[in-house]
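Here is a short report on a two-chain structure, written for reading beside the model. Please keep the sequence and the 3D view open.

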Amino acid sequence: MRMTTHDLRRNVFWVAVGLILFNALPATAVPAFSRKYQTSCQTCHVIFPKLNPFGEAFRLNGYRMPAETAEQVKQQPVSLGAEAYKRMWPGMVYPSDLPSNVPFALNTKMENIYSSSQDDTGHQVVHNDFQFPQEVNLFSAGTLGQTFGFFGELTWEERPDGGSDTEIEHARLDVTSAFGPEHLVNFRIGKLAPNLYDGFQEMWLMTDNGIDTLFTFNPIGFRGGTGLAEEGGGVSLPARARSIEMYGVAAHRLFYTVGVDSPIGPGGPNGTFGANSQKDLYARIDYKIGGMGLDGDTGGVKLPPENWREKSLRIGILGYTGNGKDVNFDITDDDGNAFKMQDRRYNRYGVFGSWYFGDLNVFGVALHGTDRLQLLDDQTLVQISETTRSYDVWFAQADYVIRPPFQASVRYENLRVADATVPSIRALNANFSLLIRANIKAMLEYHRDLRNSQNYTLATVLRFAL
Amino acid sequence: MKRFLCGVLFALATVPLLAGGIHGRVACAGQSDNGGAVVYVAKVPGKTFPPPKDHATMDQSNRVFLPHVLPVLVGTTVDFTNADPYLHNVFSPEACADKFNLGTYPKGEKRSHTFRKECFAPVLCIVHPEMEAFLAVLPTPYFGVTKPDGSYDVRDVPDGSYTVKVWHPKLKGSEKSVAVHGATEADFQIAR
């Protein structure tokens with residue numbers, strides 16, 4: 001069953017009703033950093049949450065303005081000790097401060113999803129759900145004195161069955177410019193989105209659908225991974241990790257990060273606790289040519305007055321490695337015989353590029369993954385065999401600012417799975433975003449499985465932040 | 001005769017306006033306002049200044065030192081009073097201020113310290129670590145503190161050429177030569 005003209009009209013009607021209702025809400029409230037600096041969301045975002053070059057510099061600077069001065073901070077913090085105490089350390093507690101207002105922000109997402117999929121019997125299954133709300137995020141972020149900062153996100157999500165999930169998606173402490181030249185050595189510790197994805201994470205958040213092919217591919221399978229992970233499967237890369245990370249910017253344009261984190265399976269893309277005694281390692285390095293420096297430096301470059309525009313190219317390489325020793329996954333062969341499998345060495349190597357040309361931003365990642373898979377007896381856990389499987393995934397996305405309130409986005413994803421008997425996963429994602437106000441946006445998004453014309457979703461989304 | 005008397009009265013009335021002094025503005029880059037900068041004459045050749053008999057006063061009220069910046073002449077005794085209904089302490093970690101510590105004392109009590117050396121000393125309260133003030137102990141009695149708009153007024157400076165300096169608790173200081181003839185204007189800019 002396809003969506004009829006009648007259904008489409010009905011959806012458009014309800015979306016229009018929704019927009020009218022929410023458009024009537026006052027848009028005076030703005031999130032934590034807007035309050036602290038008394039500035040608009042547009043200072044850092046193209047259309048939230050996608051960051052513009054200044055916003056990226058603000059983020060990398062530990063959520064401080066580049067070359068911040070006291071006059072830029074409109075909400076004066078509460079002093080926890082006078083400056084003079086610095087010289088008296090360790091005889092006295094080192095001075096710090098904290099935000100004068102509780103730095104909370106709320107992001108609410110309403111979504112109407114019209115989804116079509118083909119079930120195992122070949123029949124098309126269609127749902128049309130008002131998921132009002134679909135997700136509510138409570139953010140807390142700010143600085144603690146001149147060196148420390150914090151970022152937290154508590155997400156409440158409503159499941160299609162009416163239940164709900166609550167998760168701490170981020171909880172981390174930042175140490176900014178810990179020592180050495182400014183911007184060069186920073187640390188983050190906690191549950192966080194690794195800077196391994198710096199520069200493209202906020203960009204994909206621009207769309208309603210995440211890049212599942214990159215983050216939720218399950219490499220576990222009798223002949224290697226066959227598709228995206230269900231609950232408890234192994235994953236390609238962790239979207240979030242429990243990590244200790246060092247990162248920095250050198251000479252305004254060279255970015256690096258190295259980190260150590262808990263293993264990537266089987267807790268899903270958001271990481272897990274203590275799957276084994278191992279730790280994963282990751283690293284990334286890249287360079288930005290043209291445009292604003294990654295630390296906000298504008299020396300020697302002529303930037304257009306529109307803060308979402310620039311002409312720049314950022315390219316980098318990234319890697320991730322780990323050992324899934326003692327983490328057992330249940331699998332079966334073609335005859336239904338049960339086995340255990342361990343991913344004894346997973347390696348991921350990738351390249352990243354982001355090209356800004358005025359209103360256009362094209363970016364993408366190509367990732368090659370290998371997994372040394374040990375097949376074990378289901379009962380005795382004696383090793384039966386060991387094979388190394390590989391997969392490749394890449395995506396390319398183009399975002400275009402039509403006018404400041406309007407942006408269009410198209411993304412293509414391709415995943416060659418490890419099991420050679422299974423065809424590649426190919427997906428198309430098209431998005432149109434409308435910024436109704438600086439902190440209210442609507443999106444119309446179409447996602448299509450290019451292998452099967454009956455697998456698609458059409459989502460209308462309303463988000464507001466305060 | 002009336003004209004003569006009027007002339008004398010006018011002359012007397014305008015004497016304070018025409019008295020020597022330095023005034024102007026200090027722009028403090030990057031600060032929320034331009035207040036708290038000390039402008040002072042660094043030296044008057046061939047002249048020394050005995051310490052004043054009168055004490056200066058710095059109060060503690062609502063967990064704030066008042067004033068936030070207090071300039072005094074070398075040798076001045078400063079009385080630190082406590083107007084709050086709870087205990088306060090006054091001390092300075094600065095060696096040039098003898099690292100004085102006046103102890104902890106209740107409302108209504110005052111304790112004093114004499115500042116015998118040129119110094120820019122933070123004044124702290126160990127009971128309330130967020131409290132901070134500054135003593136500027138200066139070589140001449142010719143000084144002033146900027147208001148939030150940056151304006152200052154150093155009064156009664158004799159005519160002559162002087163080095164005038166600016167000090168700020170958070171910014172790098174500045175100095176310039178100023179030839180004082182009556183009311184003389186001098187502006188400064190300071191930054192981090």
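## Helix H3 of chain A

The buried residues of H3 in chain A are A:Pro53, A:Phe54, A:Gly55, A:Glu56, A:Ala57, A:Phe58 and A:Leu60. A residue is buried if 20 or more other C-beta atoms lie within 10 Å of its own, exposed if 12 or fewer, and partly exposed in between, with C-beta atoms placed from the backbone. H3(A) spans residues 53-60 and is mostly covered, with seven of its eight residues buried. Helices (H or I, at least four residues) and strands (E, at least two) are DSSP runs, numbered from the N terminus. The cover over the buried residues of H3(A) includes strand S10 (241-250) and strand S13 (310-322) of chain A. Just after H3(A), A:Gly62 has a positive phi of about 70°.

This is a predicted model: local features need pLDDT of at least 70, side-chain atom pairs count only at pLDDT 80 or more, and totals for chains, interfaces and linings use all residues. Residues are numbered from 1 along each chain as its sequence is written, while chains are lettered from A and ligands numbered from 1 in the order in which they are written.

## Backbone features in the loops

Two cis peptide bonds can be described here, taken in turn. One joins A:Phe48 and A:Pro49, with omega about 10°. A:Pro49 sits in the loop between helix H2 (32-37) and H3 of chain A. In chain B, the peptide bond from B:Leu66 to B:Pro67 is cis, with omega near 0°. B:Pro67 belongs to the loop between S4 and strand S5 (69-73) of chain B.

A:His252 has phi near 70° and is not a glycine. A:His252 lies in the loop between S10 and strand S11 (254-261) of chain A. With 18 other C-beta atoms within 10 Å, A:His252 is partly exposed. B:Asn62, also a residue other than glycine, has phi near 55°. The loop between S3 and S4 of chain B holds B:Asn62. B:Asn62 is exposed, with 7 other C-beta atoms within 10 Å.

## The mixed sheet of chain B

S3 and S4 of chain B belong to an open sheet of four strands, ordered S4-S3-S6-S9, with mixed pairing. Two strands pair if DSSP finds at least two bridges between them. Strand S4 (64-66) and strand S9 (110-114) of chain B have a single partner strand each, so one side of each is left without a neighbour in the sheet. On average, neighbouring strands of this sheet are turned by 20° against each other, direction ignored. Axes for such angles are lines fitted to C-alpha atoms, for helices over the stretch in contact, and angles run from 0 to 180 degrees between N-to-C directions.

Strand S3 (residues 56-61) of chain B runs antiparallel to S4(B), joined by three bridges. B:Gln60 has B:Phe65 of S4(B) as its bridge partner.

## The antiparallel sheet of chain B

A four-strand open sheet of chain B has the order S12-S2-S14-S15 and antiparallel pairing. Strand S12 (143-145) and strand S15 (174-180) are its edge strands, each pairing on one side only. Inside this sheet, strand S2 (residues 38-41) and strand S14 (residues 160-167) of chain B share four bridges in the antiparallel sense. B:Val39 stands opposite B:Val166 of S14(B).

## Strand S1 of chain B

Strand S1 (residues 21-28) of chain B runs parallel to strand S16 (residues 183-185), with three bridges between them. There, B:Ile22 is the bridge partner of B:Thr184 in S16(B). S1(B) runs antiparallel to strand S13 (residues 151-155) of chain B, over five bridges. B:Gly24 faces B:Tyr152 in S13(B).

## Nonpolar cores

Which residues touch the most other members of the largest nonpolar core? They are B:Val38, B:Val39, B:Val123 and B:Leu135, in a core of 48 residues. A nonpolar core is a set of buried Ala, Val, Leu, Ile, Met, Phe, Trp, Tyr and Cys residues joined through C-beta atoms within 7 Å. Strand S11 (residues 132-138) of chain B gives the most to this core, with six residues. A second, separate core of 30 residues includes A:Leu237, A:Tyr282, A:Val365 and A:Ile425.

## Where the chains meet

Contact here means that the C-beta atoms of two residues, placed from the backbone, lie within 7 Å. The contact between the chains takes 14 residues from chain A and 10 residues from chain B.
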